[in-house]
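I opened my notebook on a structure that is new to me. Here is what I looked up, entry by entry.

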Amino acid sequence: MISRRKFLKTTAAAGAIVGTSGFVMPAIAQGTKIKLGYVSPQTGPLAAFAEADNFIIDGFKVAAKAAGLDVEVIVKDSQSNPNRAADVARELIVNDEINLMLVASTPETTNPVTTTCEAEDIPCVSTVAPWQPWFIGQQANPGDPASWKPFNSAFHFFWGLEDVIAVFTNMWAQVETNKAVGGLFPNDGDGNAWGDPNVGFPPVLQQQGYTLTDPGRYQNLTDDFSAQINAFKQAKTEIITGVMIPPDFTTFWNQAKQQGFTPKVASIGKAILFPQAVEALGASGNNLSSEVWWSPSHPFKSSLTGASSAELAAGFTEATKRPWTQPIGFVHALFEVAADVMKRAGDPTDAQAVVEAIAATNLATIVGPLAWNGANLPPFAAKNVAKTPLVGGQWRLKDGGGYDLVITDNKTAQEIPVGGKMEPIA
C-alpha cells in the first residue's frame, strides 16, 4: 500500500466543531491530515453536472480551516472524458496519496474512477449515475449475470433504471396518448443501459402495452437527428424518452420543431435536469419532463449543517446568483458521507478500516437516508449500492421568464410532495 500519514484517533473532548460556512465537522483530532480526492466533469459537454462543485467544496474547506483541521480536498476535472477520468484518478492515488476517493456524475466519470480505485484497493464513494450502468458496466462480461462480482472497495448511491422507468411511465399515464414511444439512446454507458433489451426500458414498456421505436445507438455530439425524427413521425410517436447529454437534446428538439414533429410528452433523462438547458430552448421547453432526484421541496436535512433542502438550494442561489440544480444535493451528500466515514473509521490511512466504515454507514442526508444494506436491490448489487428516492417533474414556463420544475409524480417516493399534474406539450 502507498505510505500514508499517521491519523490520530478521536479524543473524547474533541466534540463537533462548526465552521463559519455552517458545515459541522466530525470529531477528529486537530493536526490530522485527511486527503479526499474528488473527480467530476467540470468542463466539456457534461459540465452542467459539476456546476455546484465549487459552492459545496469551498464551504467544506472553509469549515475545515476554521476548525483547525488539516482536511484537504484535491479536485480533478475529468473533462467529460472517461480516459481523462481514469488518468486523474490514478494521479490522486499515486501522487496525492488520498485516503478516500469521491466521484460524481454519469458513468463516463464514475466508472473509470471506480475501476481505478478498485484495482488499487482505494476506498471510493460515487454518485449521480443510475446503479445498473455503474455496477453492470464495470463487469468483465456485462452480458453474463452469472459472472458478475461485487466490488471490494467501491460503493455507490443513487437510483436505478427500475425507478426512472416507473417514474416516467407514471407521468405518461397522466396524459392521454396512443402509447407509441420513441427512444433516444446514445452509444454510451447510460444509453446502452437504458436501451438494453433485458434490463432497460424495452421489456417494461412492452409489458405495459407501449410500442417502442428505437432507431439505434447514435454518437454523442451528433449534429443531425433527421433519421430519428423521421422514424418517430412514421411510427406516429406521441411520447419521446431517452438519456441524452444537454447539447444533443437541444439539437434534437430544435430540429424536431423545424421538421414539424411535436410529441405530447417528452421525458428525457440527463439533458434537461438543468434550468439553463431548458432556458436555451426558449418557450419550446415548456412541459418537457424529466426525473427529479433532488429539489428544494425534498423533505430531507443535511447531517453536516442541519440545513433543509430548501435552505441548501437558497444558499447556492444567494452565493452564485444562479438557480438551484439537482446535483447540489448529491455533491453535498458525498461530503456528508466522507465526513461521517472518517469520523467512524478511526484511521484513514487504513484503507480496510475506511471500507468497513462505508459499508456500515447509516446516515440521514440531504438526499435521504443512506445505508449499504441491500434494501430494494438484487443480491448481486446489495453490497455496493444504496438507493435514493426518485420522483418526476415537468418544466413550466414562468410569466416573467425562466422555468420552474414542478414535481408531477411521487408514486415511488410519497414522502416528497407533488406540486401539480402532467400537462401535454402544446
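**Ground rules.** I am working with a predicted model, in which local features need pLDDT of at least 70 and side-chain atom pairs count only at pLDDT 80 or more, while totals for chains, interfaces and linings use all residues. Residues are numbered from 1 along each chain as its sequence is written, and side-chain values use heavy atoms, with hydrogens and water left out.

**Helix pair.** I started with helix α2 (residues 82-94) and helix α3 (residues 107-120), which pack at an angle of about 40 degrees with their axes 8 Å apart. Helices here are DSSP runs (H or I, at least four residues), strands are E runs of at least two, and both are numbered from the N terminus. Axes are lines fitted to C-alpha atoms, for helices over the stretch in contact, and angles run from 0 to 180 degrees between N-to-C directions.

I then looked up who meets whom, with contact meaning heavy atoms within 4.5 Å. From α2 I noted P82, A85, A86, A89, R90 and I93, which meet E108, T109, P112, V113, T116, C117 and E120 in α3. These contact residues divide into eight nonpolar, two polar and three charged. For the classes, Ala, Val, Leu, Ile, Met, Phe, Trp, Tyr, Cys and Pro count as nonpolar, Asp, Glu, Lys and Arg as charged, and the others, Gly among them, as polar.

**Largest pocket.** How much space lies in the largest pocket? I found about 390 Å³. A pocket is an open set of points on a 1 Å grid over the protein atoms alone, with protein on both sides within 12 Å along at least five of seven lines; a cavity is a set where a 1.4 Å probe fits but cannot get out, and lining residues have an atom within 4 Å of a point. Of the 20 lining residues, I136, G137, P142, A193 and D196 are the closest to the pocket's centre. Helix α3 turns up again, giving the most to this lining with four residues.

**Largest cavity.** My next entry is a volume of about 80 Å³ for the largest cavity. Its lining has 14 residues, and F49, P130, D190, K270 and E291 are the closest to the centre. By class I wrote down ten nonpolar, one polar and three charged.

Last, I found N373 in the loop between β14 (368-371) and β15 (385-387). Is N373 buried or exposed? It is exposed, with a relative accessible area of 57%; buried means under 20%, exposed over 50%, and partly exposed in between (1.4 Å probe, protein chains only).

Conventions. Grid points are joined across faces, edges and corners, and a volume is the space filled by probe spheres set on the points.
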